[in-house]
Amino acid sequence: MIKVQGPVVLYQDGVREARRRQSLRARYAYGLIFFATNLLAWFVRDYGAKLLRGLHHVPVCGAGDSKCFQSGGVLRVSLGCFIFFWVMFVTTFGARKLHEVRNSWHSGCWVMKFLVYAVSIVIPFIIPNIFIQLYGEIARMGAGVFLLLQLISMLHCISWCNKRWMPDSRSNQCGLFGLFLSTISFIASFAGIAVLYVLYISNSSCLFNIFTITWTAILVKIMMAVSLHSKVNEGLLSSGIMGLYIVFLCWSALHSEPQTGKCHTQMKIAKDGDWATIVSFIIAICAIVMATFSTGIDTRSFQFRNDEVQLEDDVPYSYQIFHIVFAMGAMYFAMLFINWELNHPTRKWSIDVGWASTWVKIINEWFAASIYVWRLISPVILRKQAANNEELVPRTLTV
């Protein structure tokens, strides 16, 4: 006997689907808010002292002072963005069902949230500078946490690609697309390393760049060898994508070196026209937003249990994780705009340039490669320890 859905059931399904679509669309609205905040931080840093003269009348800014501009201005805008997304984190914490008020608050009420955002941005410009400096110290740690979250999201994406496209012994899939991607990834990785040698090693005195690029090539080979080991048998796709990622981090680290060095040959091309600097600056801002957005929407990577079955009336993603990632992203973009230096002046139309930025990216590269290799070998080590424990149990019983 076939059951026919009544009008009430159909209406409830329609409302539920509309709420789900509204929740998914809300992610892009938050992404636009984050993008606009990045532009505001850049504007306050580079042009705020000339165009925002009204801030000189604010007591904490002072006439002729730069506490609300340059690095201080970036930190204040970042703090405002952090406050907004922290408020959203607190007010949406624990949201599970689409019919809850917290879901309606997350997905709608944009006029009210705009007022909350405006108040959050204004508050940091009226509090004493000592609190801004304290936030700057905390933002360094928060930016590090964001890089860790980004790495977890990256590893989760690599694992998903490996399971989807690589051949499985239990299925009839040939995995041609996965093998094609693996080949392309490794070719691109080693080609990228060759390009880095050309761009950033102009002479034999560039020892730091030689070591950094060479060690990156060694890390790519180590990851490939470990993933192909008979006891690991991970395949080439995951190590290929991870190789591309650490080559990108190596390039980003070398690109952040101060432009005064003779080894930074790429800047000779950029000096021919200001348009190259502007384009690279815009690309850098878009990269910050995309990194934060992609990490924020990948909420399943940060859940302790990924085997839970999602019901029809469940929220499509974790709101609290989404907002806390954006809050950490606010700290991250602050560090990039001020080059990880709290009181150091920055050059106009520049992002993430300086030795501090270079070392942060190099350490992030080495840490990412270490975590990936440990992720490959840890199951083998745990299985070996479990086998040893099973062998010891009969011996202890016979004594």
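**Close-up 1. Asn103 and its contacts.** Leaving aside neighbours within four places in sequence, Asn103 is in contact with Arg19, Ser23, Lys97, Leu98, Val315 and Tyr319. Contact here means heavy atoms within 4.5 Å. Asn103 is found in helix H3, residues 101-107. Helices are DSSP runs of H or I with at least four residues, strands are runs of E with at least two, and both are numbered from the N terminus. Asn103 is buried, with a relative accessible area of 2%. Buried means under 20% relative accessible area, exposed means over 50%, and partly exposed lies in between, for a 1.4 Å probe and protein chains only.

This is a predicted model, where local features need pLDDT of at least 70, side-chain atom pairs count only at pLDDT 80 or more, and totals for chains, interfaces and linings use all residues. Residues are numbered from 1 along each chain as its sequence is written, and side-chain values use heavy atoms, with hydrogens and water left out.

Close-up 2. Ser23 sits in helix H1. Is Ser23 buried or exposed? Ser23 is buried, at a relative accessible area of 0%.

**Close-up 3. Gly48 in helix H1.** Helix H1 spans residues 7-51, and Gly48 is found in it. Gly48 counts as buried, at 0% relative accessibility. Gly48 touches Phe43 and Phe69, with residues up to four places away in sequence not counted. Now find Cys68. Gly48 and Cys68 are 20 residues apart in sequence and 8.4 Å apart in space, C-alpha to C-alpha.

**Close-up 4. Phe85 in helix H2.** Phe85 is found in helix H2. Its relative accessibility is 0%, so Phe85 counts as buried. Which residues does Phe85 touch, not counting residues up to four places away in sequence? They are Tyr30, Phe34, His323, Phe326 and Ala327. Tyr117 is 32 residues from Phe85 along the chain, and their C-alpha atoms are separated by 8.7 Å.

**Close-up 5. Helices H2 and H4.** Two packed helices are described by the angle between their axes and the distance between the axes. The axes of H2 (residues 70-92) and H4 (residues 110-122) come within 7 Å and cross at roughly 140°. Axes are lines fitted to C-alpha atoms, for helices over the stretch in contact, and angles run from 0 to 180 degrees between N-to-C directions. H2 and H4 are therefore oblique to each other. Angles under 35 degrees count as roughly parallel, over 145 as roughly antiparallel, 65 to 115 as roughly perpendicular, and the rest as oblique. The crossing of H2 and H4 is right-handed. In a right-handed crossing the near helix is turned clockwise from the far one by less than a right angle; anticlockwise makes it left-handed. On the H2 side, the contact is made by Val77, Gly80, Cys81, Ile83, Phe84, Val87 and Met88. H4 brings Lys113, Val116, Tyr117, Ser120 and Ile121. These contact residues divide into nine nonpolar, two polar and one charged. Ala, Val, Leu, Ile, Met, Phe, Trp, Tyr, Cys and Pro count as nonpolar, Asp, Glu, Lys and Arg as charged, and the others, Gly among them, as polar.

**Close-up 6. Helices H6 and H7.** The axes of H6 (residues 176-200) and H7 (residues 207-228) come within 10 Å and cross at roughly 170°. H6 and H7 are therefore roughly antiparallel to each other. From H6, Phe186, Phe190, Ile193, Leu196, Tyr197 and Tyr200 take part in the contact. They meet H7 residues including Asn209, Ile210, Ile213, Lys221 and Met224. The residues of this contact divide into 11 nonpolar, three polar and one charged.

Close-up 7. Most residues other than glycine have a negative phi. Gln70 is not a glycine, yet its phi is positive, at about 55°. Gln70 lies in helix H2 and is partly exposed, with a relative accessible area of 37%. Asn339 also has a positive phi, near 60°. Where is Asn339 placed? Asn339 is in the loop between helix H11 (319-337) and helix H12 (355-398). Asn339 is buried, with a relative accessible area of 7%.
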